[in-house]
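Visitor: I would like to learn how to read the features of a model such as this one, step by step. Could we begin with the packing of helices?

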Amino acid sequence: MGIYYTIAAVFLGMQLAAGENLSAANPDFLRLQKTLEKHNFIVKIAPPPVRGAYGLFDSKTRIICIHPLVFDLGIARPTLIHEAVHAAQLCHGGKTVKALNLGIEPPAMTRRFFMNYEGFSRQIEAEAYTVQVQPDGLDLVISLLQKYCA
């Protein structure tokens, strides 16, 4: 398929006040963005080309689009974590995404977001939603990028 995106609300994040500087208000987001860029991914703050998506990962171009709206909604961090999991899955699979088989059970609250996917896509999305809601999700996804994208 090549394109993976977040269309549902996410559970963790920081609330940004209107006009607040992104770098001052969201150091976790910038830390992960820099890690992704170090591994040759491009993070764009722009509406994804899929209507209704908060985030999108294009495995062919290695571009991650993050909708600017997520900053106002307070979900920028988990949205980028979600898409970064897809980036780690691409590194693991080489030219296509491959499940990381993390051995982490998806929390019940995340199931409604990935159960509408079929087969392999469900597994890929389940991993992304599972990591984004972990208390250590930021450190976990950075370690996955370091492990699989080195």
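This is a predicted model: local features need pLDDT of at least 70, side-chain atom pairs count only at pLDDT 80 or more; totals for chains, interfaces and linings use all residues.

Visitor: In which hand does H4 pass H6, and which residues of H4 and H6 make the contact?

Guide: The crossing of H4 past H6 is right-handed. On the H4 side the contact is made by Pro78, Ile81, His82, Val85, His86 and Gln89, and on the H6 side by Ile124, Glu125, Glu127, Ala128, Tyr129, Val131 and Gln132.

Visitor: What angle and what axis distance describe the packing of H4 and H7?

Guide: Helix H4, residues 76–93, packs with helix H7, residues 137–148, at an angle of about 20°, and their axes are 9 Å apart. The two helices are therefore roughly parallel to each other, and H4 passes H7 in a left-handed crossing. From H4, the residues Arg77, Ile81, Ala84, Val85, Ala87, Ala88, Cys91 and His92 take part, and from H7 the residues Gly137, Leu138, Val141, Leu144, Leu145 and Tyr148. The residues of the contact of H4 with H7 divide into 11 nonpolar, 2 polar and 1 charged.

Visitor: How is a pair of aromatic rings described, and how many aromatic pairs does the count give here?

Guide: Such a pair is described by the distance of the ring centres and the angle of the planes. The count comes to 3 aromatic pairs. In one of them, Phe41 and Phe57 are 5.9 Å apart from centre to centre with 55° between the planes, which is a tilted arrangement. Phe41 lies in the loop between helix H2 (27–38) and strand S2 (42–45), whereas Phe57 belongs to strand S3 (residues 55–58), so this pair ties together parts that are 16 residues apart in sequence. Both Phe41 and Phe57 are buried.

Visitor: Is the pair of Phe113 and Tyr129 stacked or tilted, and where do Phe113 and Tyr129 lie?

Guide: Phe113 and Tyr129 form a stacked pair, with 5.6 Å from centre to centre and 20° between the planes. Phe113 is in helix H5 (residues 108–114) and Tyr129 in helix H6 (residues 119–132), so the pair ties together parts that are 16 residues apart in sequence. Phe113 is buried, with a relative accessible area of 10%, and Tyr129 is buried too, at 0%. Tyr129 also belongs to the contact of H4 with H6.

Visitor: What should I look for in the backbone angle phi?

Guide: Most residues other than glycine have a negative phi. Arg62, although not a glycine, has a positive phi of about 65°; Arg62 sits in the loop between S3 and strand S4 (63–66) and is partly exposed, with a relative accessible area of 24%. Asn101, likewise a residue other than glycine, has a positive phi near 50°; Asn101 lies in the loop between H4 and H5 and counts as exposed, at 58% relative accessibility.

Visitor: How many helices and strands does the protein chain have, and in what pattern do they follow along the sequence?

Guide: The protein chain has 7 helices and 4 strands, and read along the sequence they follow the pattern β-α-α-β-β-β-α-α-α-α-α. Of the 150 residues in the protein chain, 51% are buried. Among contacts between residues at least 6 apart in sequence, 64% join residues at least 24 apart.

Definitions and conventions: Residues are numbered from 1 along each chain as its sequence is written. Side-chain values use heavy atoms; hydrogens and water are left out. Axes are lines fitted to C-alpha atoms, for helices over the stretch in contact, and angles run from 0 to 180 degrees between N-to-C directions. Angles under 35 degrees count as roughly parallel, over 145 as roughly antiparallel, 65 to 115 as roughly perpendicular and the rest as oblique. A crossing is left-handed if the near helix is turned anticlockwise from the far one by less than a right angle, and right-handed if clockwise. Contact means heavy atoms within 4.5 Å. Ala, Val, Leu, Ile, Met, Phe, Trp, Tyr, Cys and Pro count as nonpolar, Asp, Glu, Lys and Arg as charged, and the others, Gly among them, as polar. Rings of Phe, Tyr and Trp (its six-membered ring) pair if their centres lie within 6.5 Å; planes under 30 degrees apart count as stacked, over 60 as edge-to-face and the rest as tilted. Buried means under 20% relative accessible area, exposed over 50%, partly exposed in between (1.4 Å probe, protein chains only).
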